[in-house]
Amino acid sequence: MQETTMQRLWDSAYLSGGNADYVEALYERYLHDPNSVPEEWRSHFQKLPAQTGEVQAPANDVAHSTIREQFVLLAKNQRRAKPVSATSVSSEHEKKQVEVLRLIQAFRIRGHQAAQLDPLGLWQRLAPDDLAIEHYALTRADLDTRFRTGGLYIGEKEASLRDIHQALKETYCRTLGAEFMHIVDSTQRHWFAQRLESVRSAPKLSATTQAHLLERLTAAEGLEKYLGTKYPGTKRFGLEGGESLIPLLDEIIQRSGGYGVREIVIGMAHRGRLNVLVNILGKNPRELFDEFEGKQTEGLTSGDVKYHQGFSSNVMTSGSEVHLALAFNPSHLEIVSPVVEGSVRARQDRRNDAVGDKVLPIAIHGDAAFAGQGVVMETLQMSQTRGYKTGGTIHIVINNQVGFTTSRADDARSTEYATDVAKMIQAPILHVNGDDPEAVLFATQIAVDYRMQFKRDIVIDLVCYRRRGHNEADEPSGTQPLMYQQIAKQRSTRELYADLLVKRGTLTEDEITAKIEDYRCALDNGQHVVKSLVKQPSEELFVDWKPYLGHAWTARHDTRFNLKTLQELAGKLLQVPEGFVLQRQVAKVMEDRAKMTAGALPINWGYAENLAYATLLHEGHPVRMTGQDIGRGTFSHRHAQLHSQKDGQIYLPLQHLFDGQPAFSLYDSFLSEEAVLGFEYGYATTTPGALVLWEAQFGDFANGAQVVFDQFISSGEHKWGRLCGLTVLLPHGFEGQGPEHSSARLERYLQLCAEHNMQVCMPTTPAQVYHMLRRQVIRPLRKPLIALTPKSLLRHPLAVSTLEELAEGAFQTVIGEIDPLPAKKVERLILCSGKVYYDLLSKRRAENREDIAIVRIEQLYPFPADDLAEVLAPYTQLKHLIWCQEEPMNQGAWYCSQHHMRRAASAHKNKLNLEYAGREGSAAPACGYASMHAQQQEKLLQDAFTL
Ligand SMILES: Cc1ncc(C[n+]2csc(CCOP(=O)(O)OP(=O)(O)O)c2C)c(N)n1
Ligand SMILES: [Mg+2]
């Protein structure tokens, strides 16, 4: 732009100050129609993206906040400059001043691209050209000219260009590369600039701190060396090359303890896990050695490999005693992250820590997994939502630049950094060279401070390397030849830092050798190596799981509830605050519920469910329920959350039952299955006393969370000894809605069932769902419950119950014939589960058949063999025993449960055969044509009556 034009622009707009709005509006017009703004503005705006370097995207994507800020900044500087310019500053100088400010901005945005982040020195990155002064209207001749430093936090209002440039290079381009300019909130951006620039990203450390850093690195390296010598070639997924993780974690714990954090939950994968267990959580090395030697944990039928084991301990910090928990995790990378969040939220809820001051989540990731796994995105997305937020997670990526054998960036991801995915929630990212432990320490301090102040997620990208193969039996040079040639020459992080400390005179060679010896001795003696370990943790941090141990599913329990109190609670459920205006249909639901309470209408499903929650709350059990649209209910049956038509006010009657009641938490979840279910698993495994419930929109969608079912819900207890009372509601039923709105895939869950690991139920009446939910909490058993719940049945005239059935009944695992058929006349007995029962019943009643009895199996696993035998016994004239299901033959309960039913059939005095009436095998769960559905349904009913 011509100097005169520039001058004119300044005079006309941004140098006059306070005109940012005007400029922004101008810019808005330019975006819509570039021709609508004067030529000089157009040409200036055209240059904006490239010049300011804010984005690489087209001009339309330049954030307005950025544009606005730029002008505000310029205007401010001009205002400040006024007194000076009156005397000495020429317009030429002023023009350069602006360029200097742009230079500063460029470093903040892209300085990390020129930072020395790779300990191996192999990265081939071209420094962005706008970090050089020549990119601007500046030359080397300007180096000694003094400029105002603007918002640069270097403690000087004015400095030479040389000094400014130097400060920027030191701050942003050494071993710490910070990405924070993508954050929209300017307070946070300024916070980062201030923290980094004021110490040029390298605060001075005391000799004690330096010695401590070295001691932690010695421990990290020492453990790997020890295990490598003692158990050569045994898989341990060593941390070698990434040892800085240990001082990093140590600093998070100590610093957050200083803030008053009382509990920290860590989720991590295989890499470095043993090191973290011993050197951070203080697991006794002897126990680890036992595991290397193949010792089994008592009481677990499956158990798990050593690098999946969780652990917990308490350590002392400057602030308080901190409870540390490392979550058990499966091999499936990243899935532990939402589980950790759930566990943290549960602990926060227990402590009434609404903002996250007391409990901190740490998620440790691999570079390849962080970039690739979808659950990372889901977990990031949940981080600020009402139902799932935990006040910010500190993410650490152990970025060893390789995932198994894949290291090409253009194979592993589509972005420059493995951490770019975190920018979707505007999380700041601190890339740090793992071979500079002091920079790692500084990055960690910033991360903790940021998390504690802003309560948002932050990422530390610990750029390191992997000294050995993916595991200790794997040879990496075949696939990463150049990388491993360099690694062979690379001195360890500890060695490099020890040398530095000797050079600085902080420690002597002898002192350094002594540290190594001390550590090795401790391991030899099987001693704990975490000095701050608390031997007798305070009681306050303790959750008692004992009441839930050692019970069978048949454990005695009583789910009855006093009728009068039930009616009182029911009354509360129908009250809304003064002036609260219910929508017409909702008002009708409430009116009907009032009639149900009075006995004028039978109880329907939605009401029974609400009453189950109310009674559990009354008995002191908190209730947490989440799922997509769970407040209203996908099928409009629940209405546990009401919305006033007058002002949009939200009211949950279950939160207003009585003073001092336990928490009733209900959240419509964001549209995720995998992370949400992982979260609820984490929550439930931390909260034994509550009903924790997740509902899938349709049962079909739950397979988006298949990993959680397979790796945690069905097997967690037998692998890790973790109990979990989570309840999962899966709407299921063949109503002609097509392949994806029919089946919750019952077969999947039944196939996972063994060793009484979980329960699979298909209740068919309101009283049944009521008692099933109450039983889940009241019985001292903590096993996951998979409940297949109805859709059309929610309004089925026959699927109703009485208030007395709620007050007096119990959950029936098997429901026998309900009509008074003479047992002697019954020659055919149809077994079934779920909605098809009502179709069979209607048909039988319509045909007036007295020879056919229909029995419902309401709990498919653990299979209620005794209850079924008892129901079958009176039918002495039985000739046919049929299993009838709506699901295709390869699905539903047929294959997984028939052996249980066959056993009952052959145990019957008439030695019966079990026959099948249902759809034929099918690739898709259901057909997409309503007429075909109806034909199939009719046929399977007919089969049940005639086969
Ligand atoms: C969901 C999932 N897919 C694949 C694997 C197999 N696997 C185990 S480790 C690994 C590479 C992980 O690389 P990275 O995340 O960088 O961690 P690193 O081992 O380098 O620390 C893979 C693909 C797995 N464990 N989990
Ligand atoms: Mg890796």
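In this predicted model, 34 residues of domain 4 touch 31 residues of domain 5, with contact meaning heavy atoms within 4.5 Å. Domain 4 covers 563-808 and domain 5 covers 815-946, bounds that come from an automatic or database domain assignment. Their C-alpha centres lie 27 Å apart. Together the two domains bury about 2600 Å², 63% of it on carbon and sulfur atoms; buried area here is the accessible area (1.4 Å probe) that two parts lose on being put together, summed over both. On the domain 4 side, Phe734, Met762 and Thr764 supply 26% of the area buried against domain 5, more than any other three residues. As for salt bridges (a side-chain nitrogen of Lys or Arg within 4 Å of a carboxyl oxygen of Asp or Glu), the count between domain 4 and domain 5 is 0.

Residues are numbered from 1 along each chain as its sequence is written, and chains are lettered from A and ligands numbered from 1 in the order in which they are written. Local features need pLDDT of at least 70, side-chain atom pairs count only at pLDDT 80 or more, totals for chains, interfaces and linings use all residues, and side-chain values use heavy atoms, with hydrogens and water left out.

Now for the rings. Rings of Phe, Tyr and Trp (its six-membered ring) pair if their centres lie within 6.5 Å; planes under 30 degrees apart count as stacked, over 60 as edge-to-face and the rest as tilted. That gives 24 aromatic pairs. Tyr388 is buried at a relative accessible area of 2%, and Phe670 is buried at 17%; buried means under 20% relative accessible area, exposed over 50%, partly exposed in between (1.4 Å probe, protein chains only).

Phe635 and Phe698 also form an edge-to-face pair, at 5.1 Å centre to centre and 90° between the planes. Phe635 is buried, with a relative accessible area of 17%, and Phe698 counts as buried at 9%. Elsewhere, Tyr172, Phe180, Trp191, Phe192, Tyr450 and Phe454 make up one aromatic cluster.

Charges turn up over rings too (NZ of Lys or CZ of Arg within 6 Å of the ring centre and within 35 degrees of the ring normal). The charged end of Lys230 sits over the ring of Phe289, 4.2 Å from its centre, while Arg856 lies over the face of Tyr837, at 3.6 Å from the ring centre.
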